[in-house]
Amino acid sequence: MKRIEKLEMKGICKSFVGVRANRNVDLTIEKGDILGLLGENGAGKTTLMNILYGLYMPDEGQVHVNGQPLHLKSPKDSMKAGIGMIHQHFMLIQKHTVLENIALGYADAPFFFPQKYMRKRIEEYSRKFGLEVDPDKKIWELSAGEQQRVEILKALLRNADLLIMDEPTSVLTPLEADELFEILRKMIKEGHSVILISHKLEEIISICNRVMVMRKGEVTGAAEIKDVTKVDLARMMIGREISASYEKADIRPGEPVLEISSLSVNSDQGLPIVKNITMTVSRNEILGIAGVSGNGQRELVEAVTGLRRSEEGTVSLQGREVTNKSARTIHNLGINHVPEERIKFGTVANLQLFENSVLKKHHEKPFSKNMLMNYPLIKNHTDSIIEKFHVDAASINVPVKNLSGGNIQKLILGREIASEPSLLIAAHPTYGLDVGAAEYIRKELISARDRGGAVLLVSEDLEELFQVCDRIAVMFEGKIMGIVDPSNCDIDEIGLMMAGTSFEGKGETN
Ligand SMILES: Nc1ncnc2c1ncn2[C@@H]1O[C@H](COP(=O)(O)OP(=O)(O)OP(=O)(O)O)[C@@H](O)[C@H]1O
């Protein structure tokens, strides 16, 4: 098979009902390029890549490889042409082994001893690209980073010359992200090319050699990375610079809203994952939880919101003990939760946008009375979330599954923040959001705090935590290594605490 020296998309147009997702888009990528594809939520990046991977047919425009036109009617055609795509949510069968997953749909295995052949090929590619995985492990036993390696191996073994990756680091720890970049560097040395969709400007700067920016379906800029800075990229994307600092009202924290005392929680496997944690979040306060994900943050939040049993200790909300009470009881006490896996747990994909905007509250006053829903009020409420949180959607009647990933996030955040809860628990609220939307959400968290709310913010983004929090608790292996005042602490110290170093005398510990 001839390798991809140069791939061109020319004059691509694609519309969905009421939305022009791609308007006359041109894109060129050559062998050895890592092209960053940047743009606001809903700009049309995923649509363009889905066209290249044969998932959508364009309304107009063509794709050429090495000057020859390609007709991509399905992913099978794209794979045959040497194009592979790795989605944000992996497409692996959890109960099967790595080897079985890679072999599935692999057309070139010999009739005799196909397993032996596949194993040899996997080992060969693992070595060549630094993609270490155990072929006999079941997918559910692997970390997100390892699962991603399986996806990359699968694509490379199917002769993918050009690999499209949709926000590949959003599920990775910082260390895993560095390992992924090493793999990508090895790939381009071997003559592959990569298109990387990302909202992380630092990432684009550090790994890509070229960048293309989209806005409202159109290409608004392209550059060589060596010619641009992070500030230039933000400006190309949203037409202005982003805030480096955020204004907060000068208020002292009020009475405690959330009190966690000596709390211990087990993981899904029944092992201790939250170990004897004590902390308080008060009115007019944002308490951040820093840490590499997987150190118990998710389980802590689940225990506080009634989604997981606590083994020991207590949780109190506004002075009332709620340990191991149901999620509904806790929610009714004025706690809103923006979950980590919000697209899966925060919306119902087939329900329309306006129905999702009142989810969990649709049968309550004021949205419902005597079992009847007040549609005009619900529509007004939805319009206001759309306007305030800049949700880009054709209408409030479209099913939520038709929105871009980032716009679904904005809808959920808008819904949870707009109802002014006494405690807002937000887990990684700016994941997958473009820089402009992330800035807006941070301002909204601060405004919830200034209005008297308590906010518990779980994030891996240290810069974000420093920008918005009043105090930061650092979590490592289920324990709090220390609680610090960001105005009186160095970002590197928090980095060290995240890796397990505790600082005697620095802030509060438990
Ligand atoms: N299957 C679909 N049906 C209807 N509209 C769609 C469909 N897929 C995408 N859209 C719309 O097309 C536009 C572009 O969406 P797309 O997912 O390509 O954006 P994106 O740049 O990848 O955004 P994000 O950064 O939020 O993932 C959005 O307005 C979206 O609502």
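Two residues count as being in contact if their C-beta atoms, placed from the backbone, lie within 7 Å. On that basis, 68% of the contacts with a separation of 6 or more in the protein chain pair residues 24 or more positions apart. The model behind these values is a predicted one.

Start with the overall build. The protein chain holds 17 helices and 22 strands. Its C-alpha atoms fill a box of roughly 70 × 50 × 50 Å along the principal axes. A compact globule of 510 residues would have a radius of gyration near 24 Å, and the 24 Å of the protein chain agrees with that. As for burial, 42% of the 510 residues are buried.

Next comes the ligand. Around it are 19 residues, of which Phe-16, Asn-41, Thr-46, Ser-404 and Gly-406 come nearest. Domain 1 and domain 3 each put at least three residues into this shell. In terms of secondary structure, at least two shell residues come from each of strand 2 (19–30), helix 1 (45–52) and helix 14 (405–418). Sorted by class, the shell has eleven polar, six nonpolar and two charged residues.

Helix 5 deserves a paragraph of its own. This helix covers residues 144–157, and its 14 residues reach 20 Å from the first C-alpha to the last, close to the 20 Å expected at 1.5 Å a residue. Helix 5 is mostly covered, with ten of the 14 residues buried. The buried set runs through Gln-147, Gln-148, Arg-149, Val-150, Glu-151, Ile-152, Leu-153, Lys-154, Ala-155 and Leu-156, so charged side chains are part of it, given that Glu, Lys and Arg count as charged. Just after helix 5, Asn-159 takes a positive phi of about 65°.

Most residues other than glycine have a negative phi. Lys-216 lies in the loop between strand 9 (210–215) and strand 10 (218–224). With 15 other C-beta atoms within 10 Å, Lys-216 is partly exposed, because that label covers counts between the 12 or fewer of an exposed residue and the 20 or more of a buried one. Gln-318 also has a positive phi, near 45°, and its place is the loop between strand 14 (310–317) and strand 15 (320–321). Gln-318 has 17 C-beta neighbours inside 10 Å, so it counts as partly exposed.

Finally, a look at Gly-495, a residue of helix 17 (residues 491–498). Gly-495 is partly exposed, since 14 C-beta neighbours fall inside 10 Å. Between Gly-495 and Glu-146 there are 24 Å in space, C-alpha to C-alpha, and the two are 349 residues apart in sequence.

Key. Residues are numbered from 1 along each chain as its sequence is written. This is a predicted model: local features need pLDDT of at least 70, side-chain atom pairs count only at pLDDT 80 or more; totals for chains, interfaces and linings use all residues. A residue is near a molecule or strand if its C-beta atom, placed from the backbone, lies within 6 Å of it. Helices (H or I, at least four residues) and strands (E, at least two) are DSSP runs, numbered from the N terminus. Domain bounds come from an automatic or database domain assignment. The expected span of a helix is 1.5 Å times one less than its number of residues. The radius of gyration is taken over C-alpha atoms; the globule rule is 2.2 Å times the number of residues to the power 0.38.
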